[in-house]
Amino acid sequence: MTATPRIAFIASQADEAQRALSVLTGLHGQCEPEAADVLVPLGGDGFMLQTLHRHGQLGKPVYGMKLGTVGFLMNHYRQDDPASGSDLLARIAAAEPAVLRPLEMRTETESGATVTSLAYNEVALLRQTRQAAHLQIDLNGVTRLEELVADGVILSTAAGSTAYNFSAHGPILPLGAGVVALTPIAPFRPRRWRGAILRAETEVRFRVLDPYKRPVSVTADSHEVRDVVEVTIRESRERTVTLLFDAEHNLEERILSEQFVV
């Protein structure tokens, strides 16, 4: 990154984010993402994920600022500073990096289509109707669970483990541990199965056992595919993204602190 970084500000459609965009571009100018040294999304976690999906292939570091409802992946936007003016450059220069590696999802549908997508938070299989999903789970080609009867199942990265995964009573994972969380959603059988912690390089395959009577959809972050018959997931070997965080509130500290909230 250069001494005075070229910044691409990217804002959600929320009024607060649009006002911040106007102020910040007035102070620092605007740069296209392809030519920038750093991307600065303005919004919530959902908008951060959109930014990663849209621009993650550029390999630019990303310093997000919270101007939305949820901001676990974002830094604070300090409105009491001069519009986060020169202070923003100092914050970016001092920020601590967190390197994330997304999940790669490949799914087959009833129609025979093949759909691929990335997930920085999680891949979630969900029942489409009132009837529970029936799923077989294979790890590295070996069947580990012949039949899971549940509302669905989640495979989560460490960065996403405090989101949907945690709400489904899955474990919070430390960054850099090289593991992912496999968490059932409202399991009926086996009733006592609480999921598993897997090595991140594990290839996980879900087979839908009765796709016509009990249809299942899958979402990779916000990308949904319906009527799936098989979903294969593994950690990406090539794609990474670097998020930048203020030292006093970095992502690793947030994940640790989340485990002590009572």
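1. At 12% relative accessibility, Asp45 counts as buried, where buried means under 20% relative accessible area, exposed over 50% and partly exposed in between, with a 1.4 Å probe and protein chains only. Asp45 belongs to helix H2 (residues 45-55), helices (H or I, at least four residues) and strands (E, at least two) being DSSP runs numbered from the N terminus. The unreviewed UniProt entry annotates Asp45 as "active site"; UniProt positions follow the numbering used here, feature names are shortened, and annotations may be inferred rather than shown by experiment.

2. The model is predicted, so local features need pLDDT of at least 70 and side-chain atom pairs count only at pLDDT 80 or more, while totals for chains, interfaces and linings use all residues. Residues are numbered from 1 along each chain as its sequence is written, and side-chain values use heavy atoms, with hydrogens and water left out.

3. In helix H1 (residues 15-28), the end C-alpha atoms lie 20 Å apart, in agreement with the 20 Å that its 14 residues should span at 1.5 Å a residue, the expected span being 1.5 Å times one less than the number of residues. Ala17, Ala20, Leu21 and Leu24 of H1 are buried. The buried residues of H1 fall within an arc of 110 degrees seen down the axis, so they line one face of the helix; the arc is that of the directions from the helix axis to the C-beta atoms. Asp15, Arg19, Ser22 and Gly26 are exposed on the other side of H1.

4. Ala133, in strand S9 (residues 133-139), counts as buried at 1% relative accessibility. Not counting residues up to four places away in sequence, Ala133 touches Arg127, Leu148, Val149, Ala150 and Val216, contact meaning heavy atoms within 4.5 Å.
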